[in-house]
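Me: I would like to go through this model by asking what lies behind each label. Please set every value against its definition before you conclude.

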Amino acid sequence: LVMFFYGSNGKSNPVSMENKVEHQAKNQITYDIHLPSDLGILYKVRLGLQSLENSISQLSLCHFKMQNTSTLDTFSLAINKTLPLSLNGDRWIEFPVEWPLKEALSVVTYHLTVFSRNILSERNLLHMTACIYGTHGDTGDRSLLWSLQNVQQGEDHESFLVTVDAVELGEVDKAVLLISSKTDCKVDIKKLHLKEAVKEHPIYVFEVNEAFSVNANKPQIEREIPVSFIMRGDKQKNDTDNNLHKEGSQTRNLTEYTIKVYTGDQRGAGTDANVHIILFGNEDKSEVFQLSQPLEHQDPFERGKVDTFKIKTKKLGSLHSIEIGHDGKGFASGWFLEKVEITDTSRNSVYCFNCNR
């Protein structure tokens, strides 16, 4: 078992739990760890299995508790996860640390799509990981060849999706690929796309366009790839050009709406599920918007709270209805929605949709 600690000033070296047991009780082990004083305020912990070479079938993690022995500030979290899920499974768990008077970051599910030529035919011979870096740290090395989803194969192209759960990275800036094999093989990687699972945009695009030959002379290849451009969903015709990061004049045709969501003030009213909304007007309807980042705080849809979101979409005309719902994710995901108020800033019109259920 290995841990990494992320602070406001950087990241710790790997802290191995081997031979560090200070106190042991039934189903509980306590470690004393000395972190560098210049690490700053801790905001994230990643823990997991350093290596899968040992024949560990499963490691069940129930609860994590951490205390600063100087200030006696304590952080406690229920985990209830088992690592890894398979031989090539993701062997890391990340979670944000929330100290008194400090708001925690959120855990985000990222979708990483790999566009390649011959990885799928060689996957049993390969070990391939990616580490994504952003303004809030990195994901650590995550396996790309386990639990593949959305697999598409053609004669000379293929793509597959990998899911990565991590504490939110902020603005993403680079990825580091690590490719190794115990036999000679060649893999051709075209590009990578990274986005949050619940959002259509932004999509971070990493152009690779390189064939990697792994052999006895190069048993392991490491490649750092900066973000090539970012698709922000402005629907411009040049969305496939490397010019995507420039905001075009088309954004001027979009209408901005302010959405206020009122969660009821009664027992069990809040939800941790992912909430979406669609707006219907007399001229058009909007795309699906995931309401995940309110303007006021990090944790939306809590009992008795009002969450404000701003969205931009095409011209809809006068609003007459909305569709709002959630994906049922999480324990006790039921949600008591009082009402939704939407302001069309271009018309200065306010629409109120009562729910009360």
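**Labels and their cut-offs**

Reply: Pro202 is found in the loop between strand E17 (185–196) and strand E18 (203–214), where strands (E, at least two residues) and helices (H or I, at least four) are DSSP runs numbered from the N terminus. The peptide bond from His201 to Pro202 is cis, with omega near 0°. This is a predicted model, in which local features need pLDDT of at least 70 and side-chain atom pairs count only at pLDDT 80 or more, while totals for chains, interfaces and linings use all residues. Residues are numbered from 1 along each chain as its sequence is written, and side-chain values use heavy atoms, with hydrogens and water left out.

Me: Why is Leu72 called exposed?

Reply: Exposed means over 50% relative accessible area, buried under 20%, and partly exposed in between (1.4 Å probe, protein chains only). Leu72 has 56% relative accessibility and therefore counts as exposed. Leu72 lies in the loop between strand E7 (59–67) and strand E8 (74–83), and its phi is near 65°, a positive value in a residue other than glycine.

Me: What makes Phe301 buried or exposed?

Reply: The relative accessible area of Phe301 is 1%, so Phe301 is buried. Phe301 lies in the loop between strand E23 (289–290) and strand E24 (306–313), and here too a residue other than glycine has a positive phi, near 65°.

Me: Why is the pair of Phe4 and Trp92 called edge-to-face?

Reply: Rings of Phe, Tyr and Trp (its six-membered ring) pair if their centres lie within 6.5 Å, and planes under 30 degrees apart count as stacked, over 60 as edge-to-face and the rest as tilted. The rings of Phe4 and Trp92 are 5.8 Å apart centre to centre, with 65° between the planes, an edge-to-face pair. Phe4 lies in strand E1 (residues 2–7) and Trp92 in strand E9 (residues 92–96), so the pair ties together parts that are 88 residues apart in sequence. Both Phe4 and Trp92 are buried.

Me: What makes the pair of Phe301 and Phe309 stacked or edge-to-face?

Reply: The ring centres of Phe301 and Phe309 are 5.9 Å apart and their planes are at 25°, so this pair is stacked. Phe309 is buried, with a relative accessible area of 4%.

Me: How do you know that the charged end of Arg46 sits over the ring of Phe4?

Reply: The rule asks for NZ of Lys or CZ of Arg within 6 Å of the ring centre and within 35 degrees of the ring normal. The charged end of Arg46 is 4.9 Å from the centre of the Phe4 ring and sits over that ring.
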